[in-house]
Amino acid sequence: MGLINVVNMCSHLQNASRARLGLTSVPHTKYNLALALALHRSGFISFVTRGGPYPPDPATISTFEPEPLTTANVAKQRLWLGLKYNPANGGEPVLKSITPITKPKRPITAKLNILERLARGFDAHPHRGLNIGESMMVGTDLGTLEIREAIERKVGGILLCRVSP
């Protein structure tokens with residue numbers, strides 16, 4: 001399993017957010033891509049694009065066409081993520097804290113009833129409930145979903161990370 005990729009991505013995104021970087025990259029893996037797209041759907045990052053070892057031009061990011069994947073360049077591919085900042089709040093990062101829940105040697109799973117308790121703010125041992133504005137990413141059979149999406153679709157899964165604004 002690629003849970004080590006998710007743990008590394010969480011620490012990398014938190015460090016990049018604290019350093020106030022506008023653009024950062026992570027290795028292109030299916031787990032990183034799934035988590036990045038879930039963060040994008042939840043509004044924590046502004047864009048996700050695939051690229052090479054050098055960043056795409058931010059001015060033309062909406063029309064950026066990545067080079068096609070081949071066996072020769074697949075190891076060099078990166079996911080480029082745009083981080084968001086709140087200008088009304090003095091430039092504070094939207095993604096203030098992202099902490100992994102599941103560790104590579106200890107995957108933490110939760111059934112639907114546990115997810116419902118966590119989403120409503122109640123503690124479900126050993127995890128505390130979500131506060132206002134927080135999200136939790138869940139790896140399910142349907143892909144990586146935010147906890148509220150997983151409850152709507154009535155699926156449980158692996159608790160990947162907790163994201164706080």
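This is a predicted model: local features need pLDDT of at least 70, side-chain atom pairs count only at pLDDT 80 or more; totals for chains, interfaces and linings use all residues.
Residues are numbered from 1 along each chain as its sequence is written, and side-chain values use heavy atoms, with hydrogens and water left out.

**View 1. The chain as a whole.** The chain holds 4 helices and 10 strands, in the order α-β-α-β-β-β-β-β-β-α-β-β-α-β along the sequence. Helices (H or I, at least four residues) and strands (E, at least two) are DSSP runs, numbered from the N terminus. Of the 165 residues, 39% count as buried; buried means under 20% relative accessible area, exposed over 50%, and partly exposed in between (1.4 Å probe, protein chains only).

**View 2. Arginine 20 and glutamate 92.** These two side chains meet in a salt bridge, at 3.7 Å from N to O. Arginine 20 sits in the loop between α1 (3-18) and β1 (23-27), whereas glutamate 92 belongs to strand β5 (residues 92-93), 72 residues apart. A salt bridge is a side-chain nitrogen of Lys or Arg within 4 Å of a carboxyl oxygen of Asp or Glu. Arginine 20 is partly exposed, with a relative accessible area of 45%, and glutamate 92 is also partly exposed, at 26%. Salt bridges link Arg20, Glu92 and Lys96 in a network.

**View 3. Arginine 162 and glutamate 134.** The closest N and O atoms of this salt bridge are 2.8 Å apart. Arginine 162 is in strand β10 (residues 157-164) and glutamate 134 in the loop between α3 (112-119) and β8 (135-140), so the pair ties together parts 28 residues apart in sequence. Arginine 162 counts as buried, at 8% relative accessibility; glutamate 134 counts as buried too, at 7%.

**View 4. Arginine 148 and glutamate 146.** Here the side chains form a salt bridge at 2.6 Å, N to O. A search of the whole structure finds 6 salt bridges.
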